[in-house]
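I opened my notebook to write down what I looked up. The entries follow below.

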Protein chains: 2
Amino acid sequence: MKDIARELGVSVATVSRALSDSPSISRERRQAIQQFAREHNYFPNVIAEQLRHSRRNPSRAIGVIVPELVHYYFSSILDGIESEASSRGYHLIVAKSNESYEREVQICEAMLKNKVCGIIVSQAKDTERYDHFEHLTAAGVPLVFYDRICPALNASRVVVDDYMGTMNAVSHLIETGCKRIAFYGASMNMMIAKNRFNGYRDALYKYGLTLDEDLVRICDNRADAERITPAMMHMENRPDAFFAVNDETAIGILSVVKRMGYTVPDDVSICGFTNGFRATVCDPMLTTVEQRGTQVGKEAADILIGLVEGTLSPDHAEKRIVKTRLVIRGTTRHP
Amino acid sequence: MKDIARELGVSVATVSRALSDSPSISRERRQAIQQFAREHNYFPNVIAEQLRHSRRNPSRAIGVIVPELVHYYFSSILDGIESEASSRGYHLIVAKSNESYEREVQICEAMLKNKVCGIIVSQAKDTERYDHFEHLTAAGVPLVFYDRICPALNASRVVVDDYMGTMNAVSHLIETGCKRIAFYGASMNMMIAKNRFNGYRDALYKYGLTLDEDLVRICDNRADAERITPAMMHMENRPDAFFAVNDETAIGILSVVKRMGYTVPDDVSICGFTNGFRATVCDPMLTTVEQRGTQVGKEAADILIGLVEGTLSPDHAEKRIVKTRLVIRGTTRHP
DNA sequence: ACGGACTACGCAAACGATTGCATTCAATTA
DNA sequence: TAATTGAATGCAATCGTTTGCGTAGTCCGT
């Protein structure tokens, strides 16, 4: 701007006003300045702009904290956030916590320093203190949780309808003739694990089946599934169906069951949760609950931007639930 | 800082110096100021710092442009970049181009405005003009390409050893008895497609096999693979093996071939390229070339940071090749 | 007692923009 | 003709830091 001002023999203030199309500058001057700027491809220094406006205007950078990146669900969510944010003129600062509380704290600090206008976060698995999040809100940085929410904090959040998703899936298993349905869930200190279990339990009750504790296991990955499933199948009263907390676990069950000589879905039905890449790769293809990560991401970004732009009140915690959808494929019988 | 200065009855300059531990401030004052700052949890305004230093010091934000996010290889790369960058004190601004040239241009502009210290990019599929990249280097923003590089630009880059990876994979097929090996590749205007094809061709030559054009097809996704594979298998002289440019395509072939009643690998061998989630989910598990995305990401970040910090000369284009590894599983015979 | 050296600090200008207020100049009005 | 008005522009402060340079004060040596 200084250069433009010098070249055209005007003051920097005039240049500034001309570039922002202020009517207080005469038409000719305005156009001359604008053209000159264009020709010498001038563009404003955002850093300076931000400094000037730091009191009033927030930045347009959204911080996103992800537990891991190489993960179907989290990628989808990130994708959703990116789409929503970029279409509304925001950009993303992305960091992964590696499921570590300490790293999460560091990231929060760094993001605060870097003046993000808000943060979208899914907690690390080992996060049990929430001071760092409270610091952020205290500093006026809006926060939106997704997937793993923090029940202790009354913050905005968007989650998937774990309860109904599981309930529908298990109902489907029952309706296609399954009577002894095993449940492989994650450790119950996470809300999502609890909700899915409740969906399972209530589906059983709804159809008058009793819940057999022997059929409920904590297991949320393939290795564990391959380890514990043979014993399940050797029970005198073996399960005729499995519901798994994610596709990965379901695939583990599938591979064990096939290896043991059972056919799927005739002898054993299997249902997963995610509907990621894996679901259409296994043979038969996996019946699973679609988790709609992209939608979760979009909603989260929408809430955050609402908070930033003042459309949503900062005091009110906006809570959204994204509906799931049961995708019936080859690992369950058709109704 | 102004507040601290006022409270402690010194000048802002003194506070600044004290906080940066300058020896020109007396020990007592320095400590008093530092303590006061800590107690009132002051932390510097990066925006202002940057503005002040914009002439000399670059920011610590690395721009990353990804064609898509929900994609095993790109997630892995992003993961590698994140690890390397965050461990060296940089953070990431991530944007996806959606394989669109226009979006790519927009993103470059936005990143330039936001003063990233450098950009790591894989071109969108439909990018054929490179002005936007040249603008960036002209503006002094270092650029590192990964995966899809731009042959017209002599820029730093890191790619996977597509040639040797394919060569070894096809050699493996030949060594396990395959004689008519089909090749499903991507369109040849991408370097990676060309290199993989050359690896295929040279492996055939090495073992004295002739290249049959009828066995070479442009096909890089599952839907196409499922469409064209039946005809391949109905040829009078059908292929006894397939090499596919990625796992997804390989899975498509696998599912068709199984459905047609052939057994894998006894009747037909299949080899993919990626070693993503899918490879261990299909049945039998997929033999494939491990692409080591995380390593690619790390190398890319390493180069970029080298460029930014002056360890690497900006004129010299650093070109790194990440070695692949053949992972032999169930879709090929064992040697 | 006075010059020199050294310590410890403050002043003020920068970084690149924005903006309230003052100023200039010409045109209009009384 | 003098006063009023309005349009067009400039001045200077501001955002939060950093830093070159100047200066007050102290101590020392002669």
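In which sense, left-handed or right-handed, does α8(B) pass α9(B)? I found that α8(B) passes α9(B) in a right-handed crossing. A crossing is right-handed if the near helix is turned clockwise from the far one by less than a right angle, and left-handed if anticlockwise.

Before going on, I noted that this is a predicted model, in which local features need pLDDT of at least 70, side-chain atom pairs count only at pLDDT 80 or more, and totals for chains, interfaces and linings use all residues. Residues are numbered from 1 along each chain as its sequence is written, chains are lettered from A and ligands numbered from 1 in the order in which they are written, and side-chain values use heavy atoms, with hydrogens and water left out.

**Entry: two helices in chain B**

Two packed helices are described by the angle between their axes and the distance between the axes. I looked up both values for helix α8 (residues 162-175) and helix α9 (residues 191-206) of chain B: the axes come within 7 Å and cross at roughly 35°. Axes are lines fitted to C-alpha atoms, for helices over the stretch in contact, and angles run from 0 to 180 degrees between N-to-C directions. Helices (H or I, at least four residues) and strands (E, at least two) are DSSP runs, numbered from the N terminus.

I then listed who makes the contact (heavy atoms within 4.5 Å). On α8(B) the residues include Tyr163(B), Met167(B) and Ile174(B), and on α9(B) they include Ile192(B), Arg196(B) and Leu204(B). By class, the contact of α8(B) with α9(B) has eight nonpolar, five polar and four charged residues. Ala, Val, Leu, Ile, Met, Phe, Trp, Tyr, Cys and Pro count as nonpolar, Asp, Glu, Lys and Arg as charged, and the others, Gly among them, as polar.

**Entry: the sheet in chain B**

I read the strand order as β7-β6-β8-β9-β10-β12 in chain B, an open sheet of six strands with mixed pairing. Two strands pair if DSSP finds at least two bridges between them.

I went through some pairs. β6 (residues 181-185) and β8 (residues 241-244) of chain B are parallel, with four bridges, and Ala182(B) stands opposite Phe242(B). β9 (residues 269-274) and β10 (residues 287-290) of chain B also run parallel over four bridges, and Phe273(B) has Val289(B) as its bridge partner. β10(B) and β12(B) run antiparallel with three bridges, and Thr288(B) stands opposite Val327(B). Helix α10 (residues 222-234) of chain B lies across β6, β7 and β8, at about 160° to β6(B).

**Entry: chain A and the interface**

Thr274(A) has Glu290(A) in β10(A) as its bridge partner.

How many residues does each chain give to the contact? Chain A gives 39 residues and chain B gives 39 residues. The buried area is about 4,000 Å², with 64% from carbon and sulfur atoms; buried area is the accessible area (1.4 Å probe) that two parts lose on being put together, summed over both. I counted six salt bridges across this interface, a salt bridge being a side-chain nitrogen of Lys or Arg within 4 Å of a carboxyl oxygen of Asp or Glu. One salt bridge joins Lys96(B) and Asp79(A), with the closest N and O atoms 2.8 Å apart.
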